[in-house]
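My entries follow in the order I looked things up.

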Amino acid sequence: MSFKELKKLKAKIMLNHLSWTSYFETVIAALVIYYLFIGIRFYAADIKQMFVPAGKSMAGNSLPEQLVFKDAEKQTDGLPEEVIYRQDNYTDDDIQQADELISSIKKLITTASGKAYSPDTLLPEIKAIFGKHNSLKTSPHRPAINEQVVTECERIGVAELTDDEVDQWWSD
């Protein structure tokens, strides 16, 4: 036998044990692995978004306030404009002061939402309001007030703050 004949025989023997079925299974497996790699590498955020429930959105994917549709009716946060407090209902004077503080901060943040965002003006004004209510510095209501400030700023869209940042403003 010559070298050429031996080479042809070897190629014929190697391909005879492969079937078309195993060939297609191998090609499909390779394609699945390839597309999984591409999907994970380049489209991971989109794939994660598909598995987030419809009511929730991922933190970075919320719409800016200017793009959110608002009804023409007056937007309220569910609180009455003016609340009348009777002293006999409250044993703790801190509750009334905390409510006054929160309402003044809400007004400040709401007015700031109509203007261009400027942390240099908004944050010192919030600190000044904290300074006026210095008696709440040691109050058990302080964490709730901090959380309310963070929530309002996030809801209105004027600033992204953390509870720790706001808590530090009490000592400034």
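Entry 1. I take buried as under 20% relative accessible area, exposed as over 50% and partly exposed as in between, with a 1.4 Å probe and protein chains only. Helices are DSSP runs of H or I of at least four residues, and strands are runs of E of at least two, numbered from the N terminus.

Entry 2. This is a predicted model, in which local features need pLDDT of at least 70 and side-chain atom pairs count only at pLDDT 80 or more, while totals for chains, interfaces and linings use all residues. Residues are numbered from 1 along each chain as its sequence is written, and side-chain values use heavy atoms, with hydrogens and water left out.

Entry 3. I checked the length of α6, residues 142-156. At 1.5 Å a residue its 15 residues should span 21 Å, and the end C-alpha atoms are 21 Å apart, which agrees. The expected span is 1.5 Å times one less than the number of residues. Just after α6, Gly157 has a positive phi of about 95°.

Entry 4. What does Asn146 touch, leaving out residues up to four places away in sequence? I found Phe130, Asp163, Val166, Asp167 and Trp170, a contact being heavy atoms within 4.5 Å. Asn146 counts as buried because its relative accessibility is 3%.

Entry 5. I looked up the largest nonpolar core, which has 23 residues; Leu101, Ile105, Ile126, Phe130, Val149, Val158 and Leu161 touch the most other members. Such a core is a set of buried Ala, Val, Leu, Ile, Met, Phe, Trp, Tyr and Cys residues joined through side-chain atoms within 4.5 Å. Helices α4 (93-113), α5 (119-132), α6 and α7 (163-169) each supply at least two of its residues, and α4 gives the largest share, six. Beyond four places in sequence, Leu101 touches Ile129, Phe130, His133, Leu136, Ile145 and Trp170.

Entry 6. Last, I noted the whole chain. It has seven helices and zero strands, and 19% of its 172 residues count as buried.
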